[in-house]
Amino acid sequence: MLAMSGGALAAQVPPGTQLAEKQELVRNNGSEPASLDPHKVESDIEFNIISDLFEGLVSVTPAGAIQPRLAERWENKDNLLWTFHLRPGLTWSDGTAITAQDIVWSWQRLVSPATASPYASYPGNMHIANAREIALGQKGPETLGVKALNDTTLQVTLTQPNAAFLAMLAHPSLVPIDKVLVERYADKWTRPEHIVTSGPYKLSQWVVNERLVAERNAKYWDNAHTVINKVTYLPISSEAADVNR
């Protein structure tokens, strides 16, 4: 068993590498997460876990390179009209399809004043059309400059070119979530018995103020490169207690 800090990410294992039979990771998460709803949180305490459970269109490497994740490719016109093509066969951890419509609805929920997200202004900072006005309550969420051309194609309209647009897409508040679950279970949609995820792991246990446990998501599109099979997050705020555990 490993005990370390940092993201529990997929990895490229060199050929011939002999891995230990038991691939599990225990992480000190610093504190109990307030929520695992990407639209309701604002600190790394929550985003550390959310980033292991959910994935967005792209990611950014430590060196600053943009990597395709849920989106396998994209193109743009005049740096204003961006079109993203999702990987074929993407599914949630329960096997149901992840579609471009899921992303549209998730981003609309993020900017809606009804959600009261700490990151409601973020799409506006990205210069996504109408995002600022929606966050201020001046327009409806349905006017956001993002639309699904079909199940696997997403189109985003900006009001002005933004050199940081792709990098900003990697923020965890922009990961898609499942509309059906949110509408069915409200604030309880993130409970282990309800939640579905799009990333390397799925939540299997949440004992408040004790631990969260995530297990490998066999439906994840890049599951072949996931090395760790189980991740346990401990809400330990004391460094001394962390060492003792």
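Between which two helices does the loop that holds Asn130 lie?

## Basis of the report

This is a predicted model, in which local features need pLDDT of at least 70 and side-chain atom pairs count only at pLDDT 80 or more, while totals for chains, interfaces and linings use all residues. Residues are numbered from 1 along each chain as its sequence is written, and side-chain values use heavy atoms, with hydrogens and water left out.

## Two residues with positive phi

Asn130 is found in the loop between helix 3 (122-125) and helix 4 (131-135). Helices (H or I, at least four residues) and strands (E, at least two) are DSSP runs, numbered from the N terminus. The phi of Asn130 is near 70°, a positive value in a residue other than glycine. With 21% relative accessibility, Asn130 counts as partly exposed. Buried means under 20% relative accessible area, exposed means over 50%, and partly exposed lies in between (1.4 Å probe, protein chains only).

Ala186 is not a glycine either, yet its phi is positive, at about 55°. Ala186 belongs to the loop between helix 6 (179-185) and strand 9 (201-207). Its relative accessible area is 45%, so Ala186 is partly exposed.

## Aromatic pairs

A pair of aromatic rings is described by the distance of the centres and the angle of the planes. Rings of Phe, Tyr and Trp (its six-membered ring) pair if their centres lie within 6.5 Å; planes under 30 degrees apart count as stacked, over 60 as edge-to-face and the rest as tilted. A search of the whole structure finds eight aromatic pairs. One of them joins Trp74 and Phe84, whose ring centres are 6.0 Å apart with planes at 45°, so the pair is tilted. Because Trp74 lies in strand 5 (residues 71-77) and Phe84 in strand 6 (residues 81-86), the pair ties together parts that are ten residues apart in sequence.

Phe84 also pairs with Trp82: the ring centres are 6.3 Å apart and the planes are at 15°, so this pair is stacked. Trp74 is partly exposed at 23% relative accessibility, whereas Phe84 is buried at 0% and Trp82 is buried at 7%. Ring pairs link Trp74, Trp82, Phe84 and Phe165 into a cluster.

## A charge over a ring

The charged end of Arg87 sits over the ring of Trp221, at 3.7 Å from the ring centre. This description applies if NZ of Lys or CZ of Arg is within 6 Å of the ring centre and within 35 degrees of the ring normal.
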